[in-house]
Amino acid sequence: MSALVGRKLLVVASLTPTSTANYLVHAFRQLGCEIRVCSDVASDLADVCAAGAVHVSRVIAQVGFEPDYVVFVEGGSMRLLPVGLECVECLTAWYGIDTHMDYAKHLRIGRLFDVTFLAQKEYVERMRADGIRQVHWLPLGFAEELLPSPMPERTIDIAYVGSEQVAANPLRHALLEALRREFSSTRFGAASPNEMGRIYAGAKLVFNKSVNNDVNMRFFEAAGAGAVLVTDRISNNGVEELFEEGKHYVSYQDHDSLIQVMRGLLADPQRCAAISKSAHHHVLEHHTYRHRAQSLLAVAGRCEKLSPPCPEDYFAACLSLNLLSDALRMAAKAITVSTGSSYRKYVGTLLVLLLNWTAHVLGFVERMRFRRAA
């Protein structure tokens, strides 16, 4: 760990209360790293507030230090993206959390950075085949600071913290409704991160239904809190490299097997206690965000600086994040760079003026809409 002390990082991340970046920032600081943070939402962890496509050179000048790494973490509002990465000499990296939800978007973002880290292992080789040279698996983890002290008694039979919307996941909704009908002691629904920590620490079992085969945060949150995770089966996404089925979690296949598994576990407190203890110690020893921060820095330290991104790459990434005004500015920049003959330069100049004016107007509309939504 001492080898990591003194590392300087500029972290660009949308620090909403549930963003994974909050835990990584905390972990980097635990490791003794010097960090400056740029966020588009107010946070005690943020040094600079900026939105949309944020030029990293301006942020670096504002915070007044030269980073060893620029690190972008996906999540939060999904309306923040570092640009101007070709202007910095240090290594740039980013962490993609939800590749299972939009692979094409993550591929476009990956073209901007020297190093790509993905939370879902099954997309690493696919992204490498699609031209992202330095891509690595970095699973999600457990935030130790969410554990309540003292630990409460486990009075909740089955817990689940997350969305219950039918439209988001009809099968998950149906399974939750079935659990409500079959078991009287349940706690399902939304909660803040700290509330979630208390809920899982007071639960015997935690229900999980993956989305597109993802190894989600609930694996680590439930196990870290000492609850027994009961999840659907995950295949070819690295779960067997992280946990041992039957020792750290239990799986189900369908509605009937879910009910059967839940009943069997609640009727066998000794088995529950054994899995709880084993999973809790395993996560604390191997799968905290401090472990993830160490891995990110160790891997990045072995990577090389690649060719810088071009305006077309920024255009595609901004467009995929629905940053339309910024995408227009990047399109204008691409035209400026690519114009050749005098005629093309003339036409290009007119297009650039038009695109920049449109981007200015659209940017104003976007800011007003975002402020109303906030």
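Let me start with the surroundings of His106, which, leaving aside residues up to four places away in sequence, touches Glu74, Trp94, Gly96, Ile97, Asp98, Thr99, Leu118 and Met127, where contact means heavy atoms within 4.5 Å. This is a predicted model, in which local features need pLDDT of at least 70 and side-chain atom pairs count only at pLDDT 80 or more, while totals for chains, interfaces and linings use all residues. Residues are numbered from 1 along each chain as its sequence is written, and side-chain values use heavy atoms, with hydrogens and water left out.

His106 belongs to helix 3, residues 103-110, and it counts as buried because its relative accessibility is 0%, the cut-off for buried being under 20% relative accessible area with a 1.4 Å probe and protein chains only. Between the C-alpha atoms of His106 and Glu74, which lie 32 residues apart along the chain, the separation is 9.5 Å.

Turning to the strands, which are DSSP runs of E with at least two residues, strand 4 (residues 52-55) runs parallel to strand 6 and is joined to it by four bridges, where pairing requires at least two bridges found by DSSP. His55 stands opposite Val83 in strand 6. In a regular strand, side chains alternate between the two faces of the sheet. In strand 6 (residues 80-83), Leu80 and Pro82 point one way and Leu81 and Val83 the other, and all are buried.

Notes
Buried < 20%, exposed > 50% of the residue type's maximum accessible area, 1.4 Å probe, protein only.
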